[in-house]
Amino acid sequence: MEKIKSLFGDFKEGIDGPLMACSCLLLCWLFTLMYGSENAPDTASGLLPVWVIFFLVAGLVSVLVGDRISRRADRPLPLALSHTALVAMAMASLAIVLQPEGILAIVCLIALGLLLPIAMAQLAERYAVLSLRRRVTTTVASALIGFVAVAIMQLLPITVADIIEPLIPLAIVALTAWSTRKPEAAPEEVPDEVVRPPVDAPRHYTAPFLATVALYGVMAALVGWSPLAAFGPSSHWIVAAAASVLLVAMTITTLHMAQHGGILDPDAAYKPAPLCAAVGFALLAFAKSPLTTGICCAAVFSGFGIFFVYCWIVIGNHIHAYGWRPLTAVCSALAALYAGLLAGCGLSWVLSNLPFEPTSSISTIGLLFVILVMWFTTSGRTFAGEKAAASEKPDAYVIKQSAAPHTDDESQTLDLLAQRYGLSHRELEVVALLIKGRNVPFICDELFIAKSTVQTHIKHIYSKMGVSGKQELLDIVEALED
């Protein structure tokens, strides 16, 4: 119990509260707009909602234009522009609630598609300035709590949900304005190493990454409408079910990250995503009721959600490691996602209009896409036992880089410390960084643990070794080396 309490303490300390709240609200607003609103056209006929096409096309145009403008701009995205976009999104949402049909609704949906990337780019810029540990924990917490908020929205009466939906963008504006104006806390000790963009920094995402983003978009669109169309609006609870599955999956992933000191390879970050999607598609062929169909679609949605969390961290890594402009990083990734969603919508529409029941076809095609995802994200050298393959991956795609390997002399010294003073494996990791001159913030990010946990480890190390400070610790280490 103490270990679990410590893990959640590390998780909680690494969260940026206002940024997490803004991310949760934006996630809740988007999913409520796409799946939770009774104002959306009925899909029981099996036809693809036209409003989805308008929204996605507008979004694709927006990200392509935004990417082009951002690459030519000389300054970052102004905060006032993001606030203006969010206020306009609130007004458009209100107009859709009041008038869900007609030309006005279509214009508002196009406006929402155009404005959403601007709001996301501002959030991405705020994520990028966080340390790696805080970036990961805040992203994970945003996904967990955001999907819980989506589930709560599904339980509210439709009148109440319609009132809340237009207010969410305004709440984000208020939160961002409050968080940027509040007094700054005393700055912590600066980490030893400052990341500077390399001279040969890439200007675009890798093709396998973009292809994987697009494929997950196709899978999300496939289960978004066709399997649920036969059951009509009664199946809208699927969003709440997806939130529950994602909550469990992301909690396990977070505990894994905290327990093992961070993810050493990007494969570990998105391994739960294709697994969830594969299970959902495989069981979908046998689903014959709204309950079983909803559970299968929830599994696929959770896989998409887990991957999007990883994708969002990669976006922040590119901004932080390569000096990309936030709008460029967001628009480039969203372009692939929107293209995948549009392709999935088209495929969903074709399957819905065939003369036979489409669920089995969606199950088979979905599993094919899962195989393609694994093909894009798997290196044959890994199976051949060539450990160097992991180091060849770009830094921005790695959630947590492993520490530099110890030399033989360093390993021997650490073994002697462990035997003589009874230091644990984690305490040895802290000692190894201390004797290299690393400070507490650096150790926090390197080992993916909270500041209070690092300080507790140092206290235990000093107590076991009978020293009162770092200099005495270094003296003992030097004596052992001699």
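Which helix holds Glu472? Glu472 sits in helix H22, which covers residues 470–481. Keep in mind as you look around that this is a predicted model.

How open is Glu472 itself? Its relative accessible area is 34%, so Glu472 is partly exposed. To join a patch, a residue needs over 30% relative accessible area and no salt bridge, so Glu472 with its 34% clears the area cut-off.

**Salt bridges**

How many salt bridges does a search of the whole structure find? The search turns up 2 salt bridges. Here they are side by side:

| Salt bridge | N to O distance | Where |
|---|---|---|
| Glu429 and Arg426 | 2.7 Å | helix H19 (residues 425–434) |
| Glu427 and Lys464 | 2.9 Å | helix H19 and helix H21 (residues 451–465) |

Start with Glu429 and Arg426. Both belong to helix H19 and are 3 residues apart, which is about one turn of the helix. Arg426, at 17% relative accessibility, counts as buried, since buried means under 20%.

Now for Glu427 and Lys464, whose closest N and O atoms are 2.9 Å apart. Glu427 is in helix H19 while Lys464 is in helix H21, so this pair ties together parts that are 37 residues apart in sequence. The two ends of this bridge fall into separate classes of accessibility. Glu427 counts as buried because its relative accessibility is 4%, whereas Lys464, at 37%, counts as partly exposed.

**What about the cysteines?**

A disulfide is a covalent bond between the sulfur atoms of two cysteines. How many disulfides are counted here? The count comes to 0 disulfides. Take Cys24 as an example: the nearest cysteine sulfur belongs to Cys28 and is 8.9 Å away, and Cys24 is in no disulfide. A disulfide calls for two cysteine sulfur atoms within 2.5 Å, so the 8.9 Å between the sulfurs of Cys24 and Cys28 rules that pair out.

Is Cys24 buried or exposed? Cys24 counts as buried, because its relative accessibility is 7%. Cys276 is buried too, with a relative accessible area of 17%.

Conventions
Residues are numbered from 1 along each chain as its sequence is written. This is a predicted model: local features need pLDDT of at least 70, side-chain atom pairs count only at pLDDT 80 or more; totals for chains, interfaces and linings use all residues. Side-chain values use heavy atoms; hydrogens and water are left out. Helices (H or I, at least four residues) and strands (E, at least two) are DSSP runs, numbered from the N terminus. Buried means under 20% relative accessible area, exposed over 50%, partly exposed in between (1.4 Å probe, protein chains only). A salt bridge is a side-chain nitrogen of Lys or Arg within 4 Å of a carboxyl oxygen of Asp or Glu.
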